[in-house]
Amino acid sequence: MGPLPAVLALVTLLSPGLACPAPCSCSTKKNGRLLAECAYRELREVPRGLSPNVTILTLSANRLGHLGRSSLAEAPELQSLWLGYNHISSVEPGTFAHLLHLKNLDLSHNRLADFPWQDLRGLGALQILKLSNNRLSWLPRGALAGLRELRSLWLNDNALATLARGTFEALPALAQLQLFHNPFNCSCKLFWLKEWAQSTSAAISGAGSTLCSAPPRLRGRPVTDIPGSLCVAPSAHLTYLSGGGPEDGLTLSLHCSVAGSPPPEIRWQIRTAAGRRVDIRGPTAAKAGPRRRFVAFKNGTVAVPDFGKEDEGTYTCLAVNEVGTREVSLKVALAGSEGPAEELPRDDPQAGQPGCAKGDPPDPSAVGDKLLIVYHVPREVR
């Protein structure tokens, strides 16, 4: 071989496109992708010296225990990263964030109790995510948002007890989901999953093995078979209770009747025309707001002693349980004391509802503010 060919051969051998760490074997696939094969090498860390052009990196079946932020910095063009069957128990945030071309990520059969979910936000090309056979006990709300190309998600054989409502709704391309062998607590917080499973086109692999571990009455039952009668979204209805007070004072009383399963918690939001904002969370009796003017009771009644113009505004009752939230509002205004005496009927469930013909049943599902005008008539006028 002449000097020139020998030099060219040496340059080619040392080209960054073919750089390969000593423990690995590297090759170019037919499709032009560069493969770095580093599996079954007893590696305890990601080897240094990877080509910046490598697109497939196989590190399965090694002894990796930790992935640092810079572990994969040498390979920004990665499309497939296989890390299954290691001892990985921790991954620093930012480890995957720069892998913008990543399509396949396998971290199955490791020891992960946590994962840098924020790293997924920029991985819009990701199609396969395998996190099965780990120790994950939770997914943050919105953890998978933005993965619009994700087709296959493996979360089976973890420690998941529940999932936030809508966890999978931001995955329009999802075709396969594995959730089996998790200790799901089939409270009504998980009821949304049953409804989603019935409407999705994605195949839920091992659905028969996706079972409830709690509560005891549902243990061993498929998550997709939670009885609907146990989980009913809240309903709420506001009633005006007219009432006077000592001397010429007027006490405004509103009662919120709620229903649902499990029994809803009652909360109040008060927004007065003067700009005052008061939030009251039940169920115990409480006084709130400036001068402790607003009194909430366990039975769902809120009272405003000495109701005056400064207390006009929107009074909202919220019924909240594990299935959802329901709210109903009244706009309350106080009429002047002059003019004919007039008062709304006591305990009138139609108080403040516009346009209802006599005999028409109330619409408990109606949403929106209704106007209630309270007339205060001083004693000497009565």
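Student: Which residue in S20 is the bridge partner of Leu252?

Tutor: Val304 pairs with Leu252 there. Strands (E, at least two residues) and helices (H or I, at least four) are DSSP runs, numbered from the N terminus. This is a predicted model, where local features need pLDDT of at least 70 and side-chain atom pairs count only at pLDDT 80 or more, while totals for chains, interfaces and linings use all residues. Residues are numbered from 1 along each chain as its sequence is written, and side-chain values use heavy atoms, leaving out hydrogens and water.

Student: Got it. How many bridges join S15 to S20?

Tutor: There are 4, and S15 (residues 252-261) runs antiparallel to S20. Two strands count as paired if DSSP finds at least two bridges between them.

Student: And what about S19 and S20, how do they run?

Tutor: Antiparallel, with 2 bridges between S19 (residues 294-296) and S20.

Student: Are the faces of S20 covered or open?

Tutor: Both are covered: Thr301 and Ala303 on one side, Val302 and Val304 on the other, are all buried. Buried means under 20% relative accessible area (1.4 Å probe, protein chains only).

Student: Switching topic: which residues have the most contacts inside the largest nonpolar core?

Tutor: Phe96 and Phe168, in a core of 63 residues. S2 (34-37) and H2 each supply at least two of its residues. The largest share, 5 residues, comes from H2. Another core, of 26 residues, lies apart from it and includes Cys256 and Leu372. A core here is a set of buried Ala, Val, Leu, Ile, Met, Phe, Trp, Tyr and Cys residues joined through side-chain atoms within 4.5 Å.

Student: Back to H2, which of its residues are buried?

Tutor: In H2 (residues 191-199), they are Phe191, Trp192, Leu193, Lys194, Trp196 and Ala197. Their cover includes strands S10 (176-178) and S12 (203-205).

Student: Oh, Gln178 is in S10. Is that one buried or exposed?

Tutor: Buried, because its relative accessible area is 9%.

Student: What does Gln178 touch?

Tutor: Leaving aside neighbours within four places in sequence, Gln178 is in contact (heavy atoms within 4.5 Å) with Leu153, Trp154, Leu155, Asn156 and Ser205. A polar contact of 3.3 Å also joins the side chains of Gln178 and Gln176. That term means a pair of N or O atoms within 3.5 Å; within protein, one must be able to donate a hydrogen and the other to accept it, and residues adjacent in sequence count only if both atoms are side-chain atoms.

Conventions
Buried means under 20% relative accessible area, exposed over 50%, partly exposed in between (1.4 Å probe, protein chains only).
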